[in-house]
Amino acid sequence: MRIAVGSTNPTKVKAVEAVMRKIYGDVDVFGVEVDSGVPDQPVGMEEIVQGAINRAKMALEKTSADLGVGIEAGIYSFPQTLTGYLDIQVCAIASPDGIITVGHGPGFEYPPIVIERILNEGVEAGIAMGGLVNDLELKKKIGAIGVLSKGLLTRSKLNEIAVLMAMLPRLN
């Protein structure tokens, strides 16, 4: 089985590979550069979901894969949080028959300065967080969640949860 991920970010490709190997065994998972069709930093659930779907569809269209997978992270308004926002990873999985399944991982809150930079300066969360901890490659490694959770959860593991949730309808 060939699975195209609509991103070349190693944390996304690694997450898809980890989940799909558990489900299907031997799979060929590879990243392909695509345009999400949404801002680099999606704000709001609609943009996040649309970005994931666009990535999945484009990955499938650009390749002869059996599945196209899109993962999009963004912030959305959430009541009773310190900043008013949570970050979430949404995964969409598209197949050649036109079926798209969607799932998401757990939400988490950024420090207020990160949310301020996203909303006021249009900066990506990964860049704002990377600047805060002096690691501009943070989003390609453990991610903000890795820093915020003190290493208890990495971006790749967070993405794995979203991928698994998007696979549930296909497994059942």
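1. In this predicted model, Leu132 has a relative accessible area of 45% and is therefore partly exposed, as this value lies between the limits of 20% for buried and 50% for exposed. Leu132 belongs to helix α4, which covers residues 125–132.

2. Leu132 also takes part in a nonpolar patch on the surface, together with Ile113 and Val133. The accessible area of these three residues together is about 230 Å².

3. The interior may be considered next. In soluble globular proteins, nonpolar side chains tend to be buried together. The largest nonpolar core here consists of 17 residues, and those with the most contacts inside it are Ile3, Val16, Met20, Val69, Cys91 and Ile93. At least two residues of this core come from each of β1 (2–5), α1 (10–24), β3, β4 (85–94) and α6 (155–171).

4. Setting aside residues up to four places away in sequence, Met20 touches Ile3, Gly25, Val27, Leu67, Val69, Ile93, Val163 and Met167.

5. The side chain of Glu72 makes a polar contact of 2.6 Å with the side chain of Arg55. Beyond its neighbours within four places in sequence, Glu72 is in contact with Arg55 and with other residues including Ser36, Val38, Pro42, Ile48, Ile88 and Val90.

Conventions: Residues are numbered from 1 along each chain as its sequence is written. This is a predicted model: local features need pLDDT of at least 70, side-chain atom pairs count only at pLDDT 80 or more; totals for chains, interfaces and linings use all residues. Side-chain values use heavy atoms; hydrogens and water are left out. Patches are made of residues with over 30% relative accessible area and no salt bridge: like charges are joined within 9 Å, nonpolar side chains (Val, Leu, Ile, Met, Phe, Trp, Tyr) within 5 Å. Accessible areas come from the Shrake-Rupley method with a 1.4 Å probe; for residues, only the protein chains shown count as cover. A salt bridge is a side-chain nitrogen of Lys or Arg within 4 Å of a carboxyl oxygen of Asp or Glu. Helices (H or I, at least four residues) and strands (E, at least two) are DSSP runs, numbered from the N terminus. Buried means under 20% relative accessible area, exposed over 50%, partly exposed in between (1.4 Å probe, protein chains only). A polar contact is a pair of N or O atoms within 3.5 Å; within protein, one must be able to donate a hydrogen and the other to accept it, and residues adjacent in sequence count only if both atoms are side-chain atoms. Contact means heavy atoms within 4.5 Å. A nonpolar core is a set of buried Ala, Val, Leu, Ile, Met, Phe, Trp, Tyr and Cys residues joined through side-chain atoms within 4.5 Å.
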